[in-house]
Amino acid sequence: MPEMTKPRPKHLALHQIRLPLAGYASILHRVSGAGLFLMLPLLVWLLQLSLSPSQESAALFSAVMGNLLVKLILLGLLWAFLHHFCMGIRILLIDVHVGVEKQQAHNSAMAVMIISLALTLVFGLKLLGA
Amino acid sequence: MNRLVVGAHYGLMDWLAQRVTAIVMAVYTLIIFAAALGGATASREAWHSFMANGFIRYISFLFIVSLCYHAWVGVRDIWMDYLNSAALRVILHVLTLLALIGYAGWAVQIIWRL
């Protein structure tokens with residue numbers, strides 16, 4: 001049996017790894033999904049307040065939505081949702097063999113990044129302004 | 001018996017479920033977005049009557065169930081990828097599952113009593 005030349009187990013130096021753009025888009029898919037999961041109780045609570053017929057809920061909903069911290073969290077979740085949405089469509093397309101080539105895959109990852117950020121800006125202005 | 005117990009043939013099922021639930025959520029998102037453009041979120045009253053519609057309640061239910069199943073598969077994958085301790089993994093799997101089942105019940109009763 002030949003001597004192993006590389007030491008095992010291998011410990012990856014994360015800060016030295018250079019991912020292709022699609023790799024970053026993929027990691028962000030995971031990060032955005034995790035963020036949405038963690039903030040799910042907030043979103044369900046806001047849904048509840050938005051649909052409750054009571055006056056107190058209406059006032060509380062307005063107050064919560066007017067809070068700067070909540071607005072920043074919702075802005076982050078907006079990006080998370082949009083990135084997850086766009087990246088999800090990219091994944092579904094690749095599943096049916098659309099855009100599998102290296103250059104196409106790079107371009108679609110770029111498109112996901114740009115479109116999700118642009119839409120975050122558009123809807124974010126509405127969110128912060130309202 | 002000395003064998004490594006891995007896999008239970010749930011991989012393909014989860015892969016498929018992740019896609020199906022994603023499509024359900026994407027379509028629902030577009031419907032809600034179109035409704036918002038049509039004025040469904042213009043006032044509290046408009047929002048309430050929109051969400052109380054029978055068909056919307058039906059697809060909202062599908063959305064909630066899809067979201068929770070999708071989140072279960074996704075979050076479980078995160079625990080499986082990064083946690084080496086089987087005990088910690090089991091604990092977090094159970095907590096994730098319980099949290100999602102609770103959220104599903106909470107969200108469903110919000111739309112179902114409208």
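The following legends describe close-up views of a predicted model.

In this predicted model, local features need pLDDT of at least 70 and side-chain atom pairs count only at pLDDT 80 or more, whereas totals for chains, interfaces and linings use all residues. Residues are numbered from 1 along each chain as its sequence is written, chains are lettered from A and ligands numbered from 1 in the order in which they are written, and side-chain values use heavy atoms, with hydrogens and water left out.

**View 1. The interface of chain A and chain B.** Chain A contributes 24 residues to the contact and chain B contributes 28 residues, contact meaning heavy atoms within 4.5 Å. About 2,200 Å² is buried between the two chains, with 73% of this area coming from carbon and sulfur atoms; buried area is the accessible area (1.4 Å probe) that two parts lose on being put together, summed over both. In chain A, the residues that lose the most area to chain B are A:R30, A:F37 and A:L51, which together account for 32% of what that side buries. Seven residue pairs are in polar contact across the interface, both residues being at pLDDT 80 or more. A polar contact is a pair of N or O atoms within 3.5 Å; within protein, one must be able to donate a hydrogen and the other to accept it, and residues adjacent in sequence count only if both atoms are side-chain atoms. Helices α1 (21-38), α2 (40-51), α3 (55-66) and α4 (68-95) of chain A each give two or more residues to the side that touches chain B; helices are DSSP runs (H or I, at least four residues), numbered from the N terminus. The most comes from α2(A), with nine residues.

**View 2. Salt bridges between the chains.** Two salt bridges are found across the interface of chain A and chain B, a salt bridge being a side-chain nitrogen of Lys or Arg within 4 Å of a carboxyl oxygen of Asp or Glu. In one of them, the side chains of A:R30 and B:D81 meet at 2.8 Å, N to O. A salt bridge also joins the side chains of A:D95 and B:R19, at 2.5 Å, N to O. This pair runs from helix α4 of chain A to helix α1 of chain B. A:D95 is partly exposed at 26% relative accessible area, while B:R19 is buried at 18%; buried means under 20%, exposed over 50%, and partly exposed in between (1.4 Å probe, protein chains only).

**View 3. The salt-bridge network within chain B.** B:D14, B:R76 and B:D77 are linked in a network of salt bridges. The closest N and O atoms of B:R76 and B:D14 are 2.9 Å apart. That pair links B:R76 in helix α3 to B:D14 in helix α1, 62 residues apart. B:R76 also meets B:D77 in a salt bridge of 3.3 Å, N to O. B:R76 is buried, with a relative accessible area of 10%, whereas B:D77 is partly exposed at 26%.

View 4. The buried residues of α1(B) include B:D14, B:Q18, B:T21 and B:M25. Their cover includes α4 of chain A together with α2 (44-52) and α3 of chain B. B:H70 lies in helix α3 (residues 54-82) of chain B and is buried at 14% relative accessibility. Leaving aside residues up to four places away in sequence, B:H70 touches A:H84, B:Q18, B:T21, B:A22 and B:M25.
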